[in-house]
Amino acid sequence: MSGTSTSGPSGSSAPVSGAPVAPSVRKEGAPPRRGGAGGRRRREFTTRRGLVIAAFMAPAAVFVALFTYYPMIAGSQMAFRNWNLTDLTDTSWVGVKNFREVFTDPVWGTVLSNTVLWVVGSIVPQLVIGFAIALWLRRRFRFRGLYQALIFFPWAISGFLIGILFRWMFNSEFGVVNDLLQRAGLIDEPVAWLADPDTAMTAVLVANIWYGVTFFAIMILAALQSIPDELYEAAALDGAGKARTLFRITIPYIRVTLALTVLLRVIWIFNFPDLIFGMTGGGPNDETHIVTTWMIKITQQGDYGKASALGLIVVAVLLVFAVFFLLATRERGAGRRGGAGSGRSGKFAKFGKRGVRA
């Protein structure tokens, strides 16, 4: 009959034709079968495949080696040689002489103080203004997309071009800045903003603040949009004001993004000579030079050894900030794996008896 089994020679029963056959079950711990109807067979890595991959990667590797790493190594060794375009007959090894010339140069003190002022004086206003703009753009209102496009537009413009535009705006004869200030009654006569050592640095800082606010607004707005609205609703029900909500929910929730944005912007501003070079070229009388613009000036003078030494100093400072940036990135990744990447741990905010946590 159908569905019965018969005994084989070994005494085991076998199903008769027509009986349902149970699917085979793979034992636990056994290696998976290769191939089959539902799986794909992994291609074995062979020497031929390795050579093909290497052949495709070789052009890019050669390009990077020739145009990135070789100039870096060649420029680094120039910092320890007497390398001056005025006399190429003597390129002997001079050790740290070029570094001593950098640190003993009379302009070095002004350059160093200008660099610190350039970074700190740009970062703080950019962060505050960008944060305020991001908070405003997070709200829903009419033509919000148009406002976002207008605010984000300056970031697409070249820094050197921004410098030229602001050089015209701060021009003492036909600049719009003097015209507006005179119409408002704040000044009686035009001010030579870029020709006066007391006002030139202020002018370039104003230009850089205007240029960098956009970056902070973009980054902070993206972080703000990840905050759940339920947190703000719960805070409002518990009677939390705007200031308490800002410091107990908003800032703790996006604190890692703020840290990464500030570190990244510090690296960029420290290594951003475009705007200053477009506005003042480091003048008047070297009063607006930062480290990178001064390095360009030394290069133009033909002293490649001293310029290379200054370049190595810049690289060393940037590496320090890069380490902090990588550490902050690792903290953000660890927080995400732990479920608190955006600052959701209970220590950030707590409102009333409801126990709302950000």
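Biologist: What is the relative accessible area of Lys-297?
Modeller: This is a predicted model with residues numbered from 1 along each chain as its sequence is written, where local features need pLDDT of at least 70, side-chain atom pairs count only at pLDDT 80 or more, and totals for chains, interfaces and linings use all residues. Side-chain values use heavy atoms, leaving out hydrogens and water. Buried means under 20% relative accessible area, exposed over 50%, and partly exposed in between (1.4 Å probe, protein chains only). Lys-297 counts as partly exposed, because its relative accessible area is 26%.

Biologist: Which residue meets the side chain of Lys-297 in a salt bridge?
Modeller: A salt bridge is a side-chain nitrogen of Lys or Arg within 4 Å of a carboxyl oxygen of Asp or Glu. Here N and O are 2.7 Å apart, and the partner of Lys-297 is Asp-286.

Biologist: Where do Lys-297 and Asp-286 sit, and how many residues apart are they?
Modeller: Helices are DSSP runs (H or I, at least four residues), numbered from the N terminus. Lys-297 is in helix α12 (residues 291-300). Asp-286 is in the loop between α11 (274-279) and α12, so the pair links distant parts of the chain, and the separation is 11 residues.

Biologist: Is Asp-286 buried or exposed?
Modeller: Look at its accessibility. Asp-286 has 17% relative accessibility, so this residue counts as buried.

Biologist: Which helices hold Asp-229 and Arg-138?
Modeller: These two form a salt bridge, with the closest N and O atoms 3.3 Å apart. The pair ties together parts that are 91 residues apart in sequence, because Asp-229 lies in helix α8 (residues 229-237) and Arg-138 in helix α3 (residues 108-138). The names, then, are α8 and α3.

Biologist: How many residues apart are Asp-179 and Arg-183?
Modeller: Asp-179 and Arg-183 form a salt bridge, their closest N and O atoms being 2.9 Å apart. Asp-179 is partly exposed at 31%, whereas Arg-183 is exposed at 68%. Both lie in helix α6 (residues 176-183), separated by about one helical turn, because they are apart by 4 residues.

Biologist: How many salt bridges does the rule give?
Modeller: Side chains of opposite charge can pair when their charged atoms come close. By the salt-bridge rule, the count is 4.

Biologist: What accessible area does the nonpolar patch with Val-64 have?
Modeller: Val-64 is in helix α1 (residues 47-78) and is partly exposed at 33%. The surface patch also includes Phe-63, Phe-67 and Tyr-69, and its residues together have an accessible area of about 860 Å².

Methods: Helices (H or I, at least four residues) and strands (E, at least two) are DSSP runs, numbered from the N terminus. Patches are made of residues with over 30% relative accessible area and no salt bridge: like charges are joined within 9 Å, nonpolar side chains (Val, Leu, Ile, Met, Phe, Trp, Tyr) within 5 Å. Accessible areas come from the Shrake-Rupley method with a 1.4 Å probe; for residues, only the protein chains shown count as cover.
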